[in-house]
Every structure is written in C-alpha cells, then in structure tokens.
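Then read the briefing below.

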Amino acid sequence: MSKALNKIENLAVFCASSDGNDEHIFLTAYEVGKKMAEKNIGLVYGGSKLGLMGQVARGVMEHGGQTTGVIPDFLKTKEVVHTGLDKLITTNDMHERKLTMNELSDSFLALPGGFGTFEELFEIVTWAQLGLHRKPIGLLNINGFYDDLVKMLNKMCEKELLKKENLEILLVADNFEELLEKMMNIEPKPVPKWMNKNQT
Ligand code: AMP
C-alpha cells in the first residue's frame, strides 16, 4: 500500500514559456512561486526566464526559495536561460531533461501552457498510469483555463478509453493551497491500465 506524501519538498512545475494575455494567470504564476518559497518547497523546472516559467522562478527566488533549472543544451541560449538559479542542470536532449526532472522531484504541477506544457504533463501522467512512478500530479486550473481539458478527459472516460481511476491520477483545483492539500494527502493505488473486452 502506497503512503501519502504528507510533505512536498521538490515540486516540478510545467508551464508556458510565453506570457500569454491573461493578467490573472500571469500574476498567479508569480504567486505560486512565492507560496512555494514560503512553504519551503523547492522548484524544479525547465530553467527558462521566459513567460510563466520565468514568473514562477522569480516568485520563488524573490522570496528566498530554492530553484533548480533543467534545460537541454540546444535551448541554453542567453535569451532563454535563467542565469540566477541556485542550480542549472544541462541535459543532452528533451528526454533526458524529463527523466532528470522526474528524479529530482517528489511531485508535479502544471499551470497554464501550450504544447510543451501539455506534452510534459501527459507524459508524466502516462508514466503514473503505467505504474512507473507514484508521485502526485496537480493541474492548477487558473481562471478556468483547463475547464475544456477536464471536459475532454471526462469524455475519454465516457467512451471507455480512459479509466475513471486513472483520470483520478490527475488532481485538479483552481486554488494552489487546495491543490497542494490534495497532492499531499493522496494515497496512490495501482490501477490496471487496460479495459479491453477481448483479451488474449
Ligand atoms: P509551452 O507550454 O509550449 O510554452 O512549453 C513550456 C514547457 O516546455 C516548459 O515547461 C518547458 O519545460 C518547455 N519549454 C518550452 N520552451 C522553453 C524554453 N524556451 N526554455 C526552456 N524550456 C522550454
């Protein structure tokens, strides 16, 4: 039986490398970083100073928290990389980056983002679904940004292409503190992935 985490020490955050045009989302990304620092939760993220990624990192750094950036070599240009982080790890490629972020963190959080954010989020959810890790994964639904995605995920369940128990791997809340509570208290249980009618 897996146990709840109870305390989060290192949170991997996936979020947009763009600013977007929603001021509330932009400011909340900074607030998330600030609250992480106040709660002594270290940030593990993609190492960029751009967009919401930069906002979270600034929120952590300006309130005395710990930051670790994990960036693939090809993205490590001056325009992109955050030079003031406590630790910057360079990887050979995107795959190694995700493995490294997984190794360094005990939990995952996605804020609003684009393709990169979705790709990272769903890879880590898929790993959980296959039993490769049991770390909690949170989706922060700021300003209803993820309402349509949540609808889509429910449709996958309706169509029996996703198990309800596997959907529950992804914890969703619109408030960061509430989401952290859920993430710390979840007791992950192994769920068989497949539900095929004709199994040979
Ligand atoms: P996106 O949501 O498409 O903006 O992609 C953001 C996610 O992809 C982040 O969580 C990063 O890990 C990665 N990523 C995308 N662009 C960059 C960048 N310029 N620098 C570092 N990481 C990036």
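An oxygen atom of the ligand lies 2.8 Å from a polar backbone atom of Gly116. A polar contact here is a pair of N or O atoms within 3.5 Å; within protein, one must be able to donate a hydrogen and the other to accept it, and residues adjacent in sequence count only if both atoms are side-chain atoms. This is a predicted model: local features need pLDDT of at least 70, side-chain atom pairs count only at pLDDT 80 or more, and totals for chains, interfaces and linings use all residues. Residues are numbered from 1 along each chain as its sequence is written, and side-chain values use heavy atoms, with hydrogens and water left out.

**Contacts with the ligand**

- A polar side-chain atom of Thr117 is 2.6 Å from an oxygen atom of the ligand.
- The side chain of Arg97 has an N or O atom 2.8 Å from a nitrogen atom of the ligand.
- Taken alone, the ligand exposes 480 Å², and the protein buries 86% of that. These accessible areas come from the Shrake-Rupley method with a 1.4 Å probe.

**The shell around the ligand**

- The ligand is surrounded by 16 residues, each with a heavy atom within 4 Å of it.
- The closest are Ser17, Gly114, Gly116, Thr117 and Glu120.
- Helix 4 (residues 115-129) gives the largest share of this shell, four residues. Helices are DSSP runs of H or I with at least four residues, strands are runs of E with at least two, and both are numbered from the N terminus.
- The shell has seven nonpolar, seven polar and two charged residues. Gly counts as polar in this scheme.

**The ligand's pocket**

- The ligand takes up the space of the second largest pocket. A pocket is an open set of points on a 1 Å grid over the protein atoms alone, where a 1.4 Å probe fits, with protein on both sides within 12 Å along at least five of seven lines; lining residues have an atom within 4 Å of a point.
- This second largest pocket holds about 280 Å³ of space.
- Its lining has 19 residues, with Ser17, Met53, Leu75, Arg97 and Glu120 nearest its centre.
- Helix 4 supplies the largest share of that lining, four residues.

**The largest pocket**

- The largest pocket holds about 330 Å³ of space.
- Among its 20 lining residues, Arg134, Glu165, Ile169, Pro188 and Lys189 lie nearest its centre.
- Its lining has 10 nonpolar, four polar and six charged residues.

Methods
Sits in = over half its atoms within 2 Å of the grid points. Points joined across faces, edges and corners; volume = space filled by probe spheres on them.
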